[in-house]
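Here is a short briefing on one structure. It covers the sheet, the helices on it and the nonpolar cores.

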Amino acid sequence: MLIARPAGEHFVVIDAFSRVVRLGEGLAQTGRLSDAAMDRALGALQICADKLRRRGVHLARSVATEACRRAENGPAFIERVYEQTGIRLDIISAKEEARLAVLGCHLLLEAGDGPAMIFDIGGGSTELVLVESMNGQVPRIRDWQSVPWGVVSLTETCGEEPDTATGRAARYARMRQLVRDSLAPFAERIAAALRDEPAGLPLRLLGTSGTVTTLASLHLDLPQYDRRAVDGLIVPAESMRGISSSLADMTPDQRRALPCIGRERSDLVVAGCAILETILDLWPADRLGVADRGIREGILRSLMSAEGAGERTRAALRRIKREGAK
């Protein structure tokens, strides 16, 4: 959750809250949100509701993504959230999710014209967006793809982590193959964009997710996560590949001991690494931009734009009314 106040064309964050609740835990096996996962999410959403009331928020939008899109009991969960917290969640489409991610983080895309790739690795899905950027404007979306592989769904589909190095390597390879197969149609569609890219111009790639920010923290060897150091960082793609391979080789205990991973993400980060490496195969950029911003910031910008348009309309109506009264 982000609570912000407009400041010109930008905004100032005055409160924020984040908690990993794994809402999609077990969804791949049952097709339903589990009672435990819903309870965890409701606990976090109650904190959000309390903050919204204390801050006197007058304009808000709350969204749910892949887990609620796929779950048989997703709509029932939405109603339960409203009844218990007063928050009305909107289950958005994968296309809207991709659009909001681009709107929220495109300012961190490296300068340049032509095609670029923005991606968001979530818990239940991953969105990739091929954009065309010109003169620093909001990029135009040329093509996009959502696949049902996020860090939770891919981890659960590939089962328990093996005890042996050979077993872990085989599981990691399977993760990468599942993502590669799902992205194959998109890869065919964007091949033309790669062919048309002028020779010598670097491919631009920007990622927004806990996976890329965690790996960027490891790249910087941070003792603890620091958003100011990570948001907007440009990292060599080979460094991210190296860190991904290293994490996939480690035992769960070894990963838990690393700063910026810990127990909360130690089992999920491997799936994120598999998705990231497959994206790097698809869009072989030399560098990767890292964004600690995305859908939430995209929603804020949409709300600001809508409120600004509404205020301009009200001002025009007031002017017409005054002129008519003369």
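**Sheet and cores**

In β10, L206 has G289 as its bridge partner. The model is predicted: local features need pLDDT of at least 70, side-chain atom pairs count only at pLDDT 80 or more, and totals for chains, interfaces and linings use all residues. Residues are numbered from 1 along each chain as its sequence is written, and side-chain values use heavy atoms, without hydrogens and water.

**Sheet**
- Strands β8 (residues 204–208) and β10 (residues 287–291) run parallel, joined by 3 bridges.
- The open sheet has 6 strands, ordered β7-β6-β5-β8-β10-β9, with mixed pairing (two strands pair if DSSP finds at least two bridges between them; strands are DSSP runs of E, at least two residues, and helices of H or I, at least four, numbered from the N terminus).
- β7 (140–147) and β9 (234–236) are the edges; each has a single partner strand, so one side of each lacks a neighbour in the sheet.

**Helices on the sheet**
- Helix α7 (residues 165–196) lies across β5 (114–121), β6 (126–133) and β7, at about 160° to β7 (angles run from 0 to 180 degrees between N-to-C directions, with axes fitted to C-alpha atoms, for helices over the stretch in contact).
- Helix α8 (residues 210–220) packs on the sheet and touches β5, β8, β9 and β10 (contact means heavy atoms within 4.5 Å).

**Nonpolar cores**
- The largest nonpolar core has 49 residues; F119, L154, L205 and L276 have the most contacts inside it (a core is a set of buried Ala, Val, Leu, Ile, Met, Phe, Trp, Tyr and Cys residues joined through side-chain atoms within 4.5 Å; buried means under 20% relative accessible area, with a 1.4 Å probe and protein chains only).
- α13 gives the most to this core, 10 residues.

Conventions: Buried means under 20% relative accessible area, exposed over 50%, partly exposed in between (1.4 Å probe, protein chains only).
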